Amino acid sequence: MVQKYESPVRIYKYPFELVVAAYERRFPTCPQMPIVLDCEIIEDNVFDNGARRDTKRRCKIAVEAPYLIKKIIGVDVVYFIQQNFLDMKTRTLNIEATNESFATRVEIFEKCRYYAHPENPDWTCFDQTATLDIKNFFGIEHSMEKMGMKQYTQTTLKGKEIIEFFVNELKQEGITHVDRWVDDATVTSTTAGAATNTTPPEKPPLCRDNSILDADYIAKYLGQLTPLQESKLVQLRKRFEHGTSEHPEPDYQTLLRFLRARDFSIDKATGMLQESLQWRKEQRIDSILGEYKTPAVVEKYFPGGWHHHDKDGRPLYILRLGTMDVKGLLKSVGEDELLKLTLHICEEGLRLMKEATKLFGKPVWNWCLLVDLDGLSMRHLWRPGVKALLRIIETVETNYPETMGRVLIVRAPRVFPVLWTIVSTFIDENTRSKFLFFGGPDCMHAEDGIEQYIDTDKIPSFLGGSCNTLIHEGGLVPKHLYKSESIEETNGALQAHDHHGLYKAVDLKPGQLFELLIRNTDPKSVLTWDFEVLKNDTLFAVFHTEKEIEQSGNDDFSSVFDGPDFKEGTNYKKIEQSVKCRPKEGVQGSHEMASTGTYVLQWMCPPSCDGPAQLMYFHEILSSANYKGSMTSLQSGFSSNSLQSR
């Protein structure tokens, strides 16, 4: 049986060096721990000009157990081996203890750590873990386990008191400060009782050779980190510390972004960052700010640009997507050029974040995106445009993780849920949680409007504010500027998305039904759908009922509402009227699910068809929690226009 014990992190409001001096006074015996009868040093080595000291002790411990157990095991004392690894340069003390007695029957391993507080270098943290593995102990394993738990708990509770006791003892002797270790200097000997009042030397902002970071640097450039997160950040830095002139080593802000993107898994973050660095090298990303030349058509017709900061100091980028001629830009400059434009914007964002950090005196490591959707229509769902957008999203998600602090979607029209349905699946879940939607026309003054995120005097005039911008309004790109006719629609409809597994295929025989049951528990959420008929006519409708229904008992030619318990208009209703969809037509729609219950998406191949129908479909529920302002503008029925429409 294996038991693991772990104590919470303890904080001593004393510098690390003073705590270490107090800790050393626990040996060879300690009045607060009478069970420790003696500790004999069997190895003691000093390295790196006194910076490191490794000490090995053999400790004699009195057995605290009932008389009967002592009689069974036949001893009154046991021995432990304790190893201390002190590093004054990194300000850490690691302690490992294992049992020497009865090692074949019981394995005890305890690990403790003292280290400088990551946010306050004048404080010290302590954590402690232990494992107890009782393999075979004279038939009294359960009793030994209880004793082990009791012993560990008592030791943990006494630990802080002991350090406080010896710190006070040092103070009584006039020792209130111990100098930090520096090269070519001797650490003040506290055991000799030497006192000093000199100010410790200032640490450099980046302690590359240390296992900790300067607290001021963390507070100013990185933000709040737990000790574990800081430790992993330093470990990741060590994996990339040998940069080259061709590609310098990543800074701490970059390392931290990749760590956050992989939930602080060092191995996963390493793999992700290595691939990104190779990509940057191949694409010459480090030179893009100096080498990129904005095409004339982009300067004139691309409706996006940087605009001040949000209330949190993040650089603010505004994109008027609703007035963007996606097709015109693609045919004028091509998909690769639009991707390069996006990467240039991302690199500008990284630079502006560093400038904002200096300007506001606090960490700013992501930016804010405001997307104005006024004017968005079905033409924005042009298939090659969606394909290009998905490629851009995938590239940015992979190489610029955790750079998006907040996304404000304003003036969203009724067609927007369809576009969001298509692209949202390709956005990282953590990034998706940063999207806020404002469906009403007045996104500035409405309750919970954008004024809570952007200062009133910085809100653009086209959103009702007083601030003028140099951001272009967009508009249609003249066809004489088109350079490529290769970006054309394909009959394969959803082929651009199939490899992601986003859409599902359905074959229906004449008269056959396919029904998708969606149980809703989130009133005011939005149900969206997007499907394309590939072969033969198909009828589509949407129903709602608050009555419990089961789908399993119905054949492929019967509806869930065909049973005697259902009556249309009484306990279920058709909330979107039937529409007949022709081959090669795409249908997109959304419906605000105002109430709970079951919503049913129904497709049917008419009995009169001369062959089976084929379609590909996708649906998603958009949570009501993500939306701000009016939802009425997001309500829509159908658009039977093909996604190939212009």
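I began with Glu402, which counts as buried at 12% relative accessibility; buried means under 20% relative accessible area, exposed over 50% and partly exposed in between, with a 1.4 Å probe and protein chains only. The model is a predicted one, in which local features need pLDDT of at least 70 and side-chain atom pairs count only at pLDDT 80 or more, while totals for chains, interfaces and linings use all residues. Residues are numbered from 1 along each chain as its sequence is written, and side-chain values use heavy atoms, with hydrogens and water left out.

**Backbone entries**

I then looked up the backbone of Glu402 and found a positive phi near 60° in a residue other than glycine. Glu402 sits in the loop between helix 12 (383–399) and strand 11 (404–410); helices (H or I, at least four residues) and strands (E, at least two) are DSSP runs, numbered from the N terminus.

Asn49 also has a positive phi, about 55°, although it is not a glycine. I placed Asn49 in the loop between strand 2 and strand 3 (52–62), where it is partly exposed at a relative accessible area of 49%.

Where is the cis peptide bond that joins Phe27 and Pro28? Pro28 belongs to the loop between helix 1 (16–24) and strand 2 (36–47), and omega of the bond is about 0°.

I checked helix 1 for cover and found 8 of its 9 residues buried; the buried ones are Phe16, Glu17, Leu18, Val19, Val20, Ala21, Ala22 and Tyr23.

Thr124 lies in strand 7 (residues 124–134) and is buried, with a relative accessibility of 0%. Its side chain reaches the backbone nitrogen of Phe16 at 3.0 Å, and I read this as a polar contact, that is, a pair of N or O atoms within 3.5 Å, where within protein one must be able to donate a hydrogen and the other to accept it, and where residues adjacent in sequence count only if both atoms are side-chain atoms.

I looked up Ser433 in the loop between helix 14 (429–432) and strand 12 (435–438). A polar atom of the Ser433 side chain lies 2.5 Å from the backbone oxygen of Asn430. Ser433 and Val407 are 26 residues apart in sequence, and their C-alpha atoms are 9.3 Å apart in space.

Strand 14 (residues 513–520) has 6 of its 8 residues buried, so I noted it as largely enclosed by the rest of the structure. Strand 14 runs antiparallel to strand 19 (residues 597–604), and 8 bridges join the two; strands pair if DSSP finds at least two bridges between them. One of the bridge partners I looked up is Met604 in strand 19, which faces Leu513 in this pairing.

I found 24 aromatic pairs in the structure; rings of Phe, Tyr and Trp (its six-membered ring) pair if their centres lie within 6.5 Å, and planes under 30 degrees apart count as stacked, over 60 as edge-to-face and the rest as tilted. Among these pairs, Tyr114 and Phe126 are tilted, at 4.5 Å centre to centre and 45° between the planes. This pair links Tyr114 in strand 6 (residues 106–116) with Phe126 in strand 7, 12 residues apart, and both residues are buried.

Phe531 and Trp603 form an edge-to-face pair, at 5.5 Å centre to centre and 90° between the planes. Phe531 lies in strand 15 (residues 525–535) and Trp603 in strand 19, so this pair ties together parts that are 72 residues apart in sequence. Phe531 is buried with a relative accessible area of 1%, and Trp603 is buried at 1% relative accessibility. I also noted that both belong to one aromatic cluster, formed by Phe514, Trp529, Phe531, Phe540, Trp603 and Tyr617.

**Whole chain and confidence**

The protein chain has 15 helices and 22 strands, and 52% of its 646 residues count as buried. Of the contacts with a separation of 6 or more, 74% are between residues 24 or more positions apart.

The chain mean is 80, and 78% of the residues reach 70 or more. Confidence is highest in strand 9 (residues 315–319), at a mean of 96, and lowest in strand 22 (residues 638–639), at 37. Over residues 137–141 pLDDT stays under 50, and the model has 15 contacts beyond four places in sequence for them. Residues 185–210 are also below 50, and this stretch has 50 contacts in the model beyond near neighbours in sequence. Where pLDDT is low, the predicted coordinates should not be read in detail.

How values were computed:
pLDDT is the predictor's confidence in each residue, from 0 to 100. Contact means heavy atoms within 4.5 Å.
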